[in-house]
Amino acid sequence: MKLLVVEDEALLRHHLYTRLGESGHVVQAVADAEEALYQAEQYHFDLAVIDLGLPGMSGLELIGRLRSQNKTFPILILTARGNWQDKVEGLAAGADDYLVKPFQFEELEARLNALLRRSSGFTQSTIAAGPLLLDLNRKQATLDDQPLALTAYEYRILEYLMRHHQQVVAKDRLMEQLYPGDEERDPNVIEVLVGRLRRKLEGENGFKPIDTVRGLGYLFTERCR
Amino acid sequence: MIRSLRVRLMLAAAVLALLFMLALLPALQKAFSLALQESIEQRLASDVTTLISAARIEHGQLQMPTLLPDERYNLPYTGLLGYIFDRDGNLVWQSRATADQNINYRPRYDGRGNEFARIHQGDGEEFFVYDVEIKLLGGQSAAYSIVALQPVREYQHTLDGLREKLYLGFGAALLALLVLLWAGLTWGLRSLRRLSRELDEVEAGARDGLSREHPRELLRLTGSLNRLLHSEREQRQRYRDSLDDLAHSLKTPLAVLQGVGESLRQRSGEREQARVLQSQIERMSQQIDYQLQRASLRKSGLVRHSVQLKPLLDSLCSTLAKVYRDKQVSVALDIPEAAQLPMEQGALLELLGNLLENAYRLSLGHVRVSLEEAPGQLTLCIEDDGPGVPADQRERILERGERLDSQHPGQGIGLAVVKDIVDSYDAGLSLGDSPLGGAAFRITFTLD
């Protein structure tokens, strides 16, 4: 998933960037609200982690701006004070959950996963499509109860397609899931990855969940639950 | 001890007026009686002059006309008494009005001229006497004492009447004075009453400070009070701002340290150090949270706040509904629309936030908030249908820093903060069983 992290403290920002990256997310980490607004305008994000105590434009104002620009991705706020005034104001401005500093990374991850799951309409931590089962917590896919050996990139593409099942997903969007920013943008990489993914998913039982929509992108045809 | 300023002033003024009148009364009576005596003396002198002008000497004998020019001498019982004595004190003439009088008066012809005196009779009767000695009468030498008398009785009667009128007049004046004084004080103290009303409004949080429309004498007081109010408000704001800064500047580094600890934990050789680091970070964080919250939720000294409960609960519930969306908790708010609690907004928000989050976290799906109003008492009750708290642990979990559910994420200081807030507002906190099946927290406020 592509995440936007807005945190002014460089060390914490770096820590979040690294740890969330290790968990298989593509992270864009910025230090202030203005940069965050720019990023949100330029790219598609699946979730944002926003510190309330930002210098300049506050976290609260940033959330309000994002929501007024019809950005619907879930937002998790980080608050140093941990008082209810902040929490109530933050969630009223449009955030979806809060976490008080300092936090254990596991807790942050659990909250993020819950928010991501909820935003794509799933209530369980697994997504099932026919014989295919995706465990969102363990980042593991099984086909007919057999573990699938997927690389991190292949898993990300599969998870994204399944979360947006029965929707056409553009190649650019998939690219954003793999790389932050504009660097290394080569559409062929996606084609190669999707090709490898298809070979691993499609067996003798006729299960062919990923279609190519020419000129537009890919479509996960199976209904996911 | 008289506590009313108005009653004190009234009492002091009444005593002063009374003392003043008591001192004035004898002086007035004295002055009047002197004036009366003087007028009596003048009248008697004129009576004597009438007698002298009527008297004639014929052949060395005093001759008085049968009818005197003043009618009153001619009639009996008029009270106008005239006598003429010769130089040896023998009565030679007396007016008709003296017929029934038996006055024991013997003038001494000693050449001292006129004399005004007051004489006592054996029967207790008193008379004013005006005694004139003459040496010449109608150009002939003659030595007579011409005496006019008037009973003191009449004078005394007039004096008594006057005294009675004086007492009545002074009493009425005192009464009128007190009534006027009361009205004046009411008018004068009206500004104090307005000041007290404005203070009530300030205490109730309905106004920021006292108005400037007070009498000059009070302006210094209201000015000082306004400055005090302003500085208290500003100080609280500054205090809160610096606490926020402190929280941010302490807890963000802690979050960084937490991250470092987590990285350490991934290396097999340093797992133990990472564990120590993390437990210390958690301890510091809890302490910071607890102390900062405690410091920021101090009750204000002057202003008595009151908050509408329903809107606050609504915003808290919508916050928690968002956070616990997966749980689908249904909340029953059994709160009258206009219900108010005697607390500051921030403190009430922390109190309810902590208790409600507890309820949301532990409940299976039902939470109820209700307010019971009894005379002089308000009880706010927050219940859930969770596992509840065993009776023997209730006392302990209300203690500072205790947490019963270490498996749940949370700051662990929630209940300690709740207890602190409840204590600072002199309210009561109790923990019992709820009919829903879980815990029931009751906060009881005593209203003054």
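View 1. A:Ile127 stands opposite A:Leu134, a residue of β7(A). The model is predicted, so that local features need pLDDT of at least 70 and side-chain atom pairs count only at pLDDT 80 or more, while totals for chains, interfaces and linings use all residues. Residues are numbered from 1 along each chain as its sequence is written, and chains are lettered from A, with ligands numbered from 1, in the order in which they are written. Four bridges join β6(A) to β7 (residues 132–135) of chain A, and the two run antiparallel; strands are DSSP runs of E with at least two residues, helices runs of H or I with at least four, numbered from the N terminus, and two strands pair if DSSP finds at least two bridges between them. The sheet has four strands in the order β6-β7-β8-β9 with antiparallel pairing. Because β6 (126–129) and β9 (146–147) of chain A each have a single partner strand, one side of each is left without a neighbour in the sheet.

**View 2. Helices α1 and α3 of chain B.** Helix α1 (residues 5–54) and helix α3 (residues 152–203) of chain B pack at about 155 degrees with axes 9 Å apart (axes are lines fitted to C-alpha atoms over the stretch in contact, and angles run from 0 to 180 degrees between N-to-C directions). That angle makes α1(B) roughly antiparallel to α3(B), a term for angles over 145 degrees.

**View 3. The contact between the chains.** Chain B gives 28 residues and chain A 27 residues to the contact, for which C-beta atoms, placed from the backbone, must lie within 7 Å. The largest share of the chain B side, 11 residues, comes from α4(B).

Definitions and conventions
Contact = placed C-beta atoms within 7 Å. Parallel < 35°, antiparallel > 145°, perpendicular 65-115°, else oblique.
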